[in-house]
There are 2 protein chains.
Amino acid sequence: MPTIEQARAWYPEYDPVHGFDHILRVLHMAEYIAKAEGADLEIVRAAALLHDASGAETGGEKRSEHQHHSAEFAKEILRAESWPPERIAAVQHCIRAHRFRGDEAPQSLEAKVLFDADKLDVIGAFGVARTLAYDVVMHWPFHAAVSEQFLKTGIKVEGETHSSYHEFIFKLGKIIDRLHTKTAKHIGETRQTFLNDYFRQLDVEARGEI
Amino acid sequence: MPTIEQARAWYPEYDPVHGFDHILRVLHMAEYIAKAEGADLEIVRAAALLHDASGAETGGEKRSEHQHHSAEFAKEILRAESWPPERIAAVQHCIRAHRFRGDEAPQSLEAKVLFDADKLDVIGAFGVARTLAYDVVMHWPFHAAVSEQFLKTGIKVEGETHSSYHEFIFKLGKIIDRLHTKTAKHIGETRQTFLNDYFRQLDVEARGEI
């Protein structure tokens, strides 16, 4: 099993969205869910430490494929530790299936646990912070007016500025519905409400309501 | 009176903390408070549009003196518009006195209005976003452990990492007490509670409480 210190070296020194503090929160949460759901802790731990280890840098070019890069990287690391091939494959499935926009859905309990732990860090107070930080990295505003078309289809009209508020409207406000495990859904309720309240207040202030 | 479009050109194209969207929110809020409190609207408007117009860039070297740079810049702009000297001086006082850490406290009603409008954008949902954005610009974490010494004195122990949570503990959690006008205090109550709830939840999540 890779140590925390080993894993730290795989991540950039500073990344406000996919930095090592995110990995540590996901690890902690994944362990909690894995215990409650009876998942294989070793698989879950390795997958949590490795899930963003290659190509996940915020704003980086490889991001859209980072689940595959990280799964390949995981194979190298765990082979060097002489893990049996079927357990390496189990970790790789977790990593490949951790993304919303990925091409592989979580099948194993361990993959569901990692997916859920990762998504719980998208809602709540850190979810708010990470979403807003993404704006800063990309030079987007925190809030911009959302078109009727975007509201219905998630596709912006020409010239429509992207913002965290758009992310909230189309994806973040409904994360809870995408979680797999009962344990995560329970934890997610408070965090989803918290995030939704945040973006509703942001909208109120952006509109200049007093 | 400078127009919105004129004023837009004085501010950087993107600044997540002191950008033009901040100026527009402060202008809107300052007008509202000015009307409720019976302040001189023209002075307040000019001061709001000009208050961060020179040297206020987030992370910039001139930031600590930007109230003076902006007051000087205001003089040039308003002279060119043939404002009478005493009204230019009134605008300049508002601008010089808008900072917490400034050397000049707000004396006139107009200066109190600008101060309060500016501080209301430090709390609430945009206050949260701007504080977190400052972390991203400075490469600080959103949350780091706060020492006993910092809790008591606001001075970090050697090696203590700065974070938004530190800003909350020492300054942001008590902004409401620093506001001058009744109107702003009333608006600030909800926003102060909102910001405090945010940072308490951030702390809960950072500690790994589930």
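Residues are numbered from 1 along each chain as its sequence is written, and chains are lettered from A in the order in which they are written. Because the model is predicted, local features need pLDDT of at least 70 and side-chain atom pairs count only at pLDDT 80 or more, whereas totals for chains, interfaces and linings use all residues.

**Exercise 1. Describe the overall build of chain A.**

Step 1. Chain A has ten helices and zero strands, where helices (H or I, at least four residues) and strands (E, at least two) are DSSP runs numbered from the N terminus.

Step 2. The radius of gyration of chain A is 18 Å, close to the 17 Å from the globule rule for 210 residues, so chain A is as compact as a globular protein of that length. That radius is taken over C-alpha atoms, and the rule is 2.2 Å times the number of residues to the power 0.38.

Step 3. Along the principal axes, the C-alpha atoms of chain A fill a box of roughly 60 × 35 × 30 Å, and 49% of the 210 residues count as buried. A residue is buried if 20 or more other C-beta atoms lie within 10 Å of its own, exposed if 12 or fewer, and partly exposed in between, with C-beta atoms placed from the backbone.

Step 4. Of the contacts in chain A between residues at least 6 apart in sequence, 55% join residues at least 24 apart; two residues are in contact if their C-beta atoms, placed from the backbone, lie within 7 Å.

**Exercise 2. Work out which residues of H4(A) are buried and what they pack against.**

Step 1. Helix H4 (residues 66–80) of chain A has 15 residues and reaches 21 Å from its first C-alpha to its last, close to the 21 Å expected at 1.5 Å a residue; the expected span is 1.5 Å times one less than the number of residues.

Step 2. The buried residues of H4(A) are A:His66, A:Gln67, A:Ser70, A:Ala71, A:Ala74, A:Ile77 and A:Leu78. They cover an arc of only 130° around the axis, which puts them on the same side of H4(A), the arc being that of the directions from the helix axis to the C-beta atoms.

Step 3. An α-helix has 3.6 residues a turn, so residues three or four places apart point the same way.

Step 4. A:Glu76, A:Arg79 and A:Ala80 are exposed on the other side of H4(A), while the buried residues pack against helix H3 (41–50) and helix H5 (85–96) of chain A.

**Exercise 3. Characterise A:Ser82.**

Step 1. A:Ser82 lies in the loop between H4 and H5 of chain A, and its phi is positive, about 60°, although A:Ser82 is not a glycine.

Step 2. A:Ser82 is exposed, with 7 other C-beta atoms within 10 Å.

**Exercise 4. Describe the domains of chain A and the side of chain B that touches chain A.**

Step 1. The domain assignment, which is automatic or from a database, gives domain 1 (1–104) and domain 2 (122–210) of chain A. Their centres, taken over C-alpha atoms, are separated by 25 Å, and the contact takes eight residues from domain 1 and nine residues from domain 2.

Step 2. The contact between the chains takes 25 residues from chain B and 25 residues from chain A. On the side of chain B, helix H2 (20–37), helix H7 (124–138) and helix H10 (182–206) each give two or more residues, and H7(B) supplies the largest share, nine residues.
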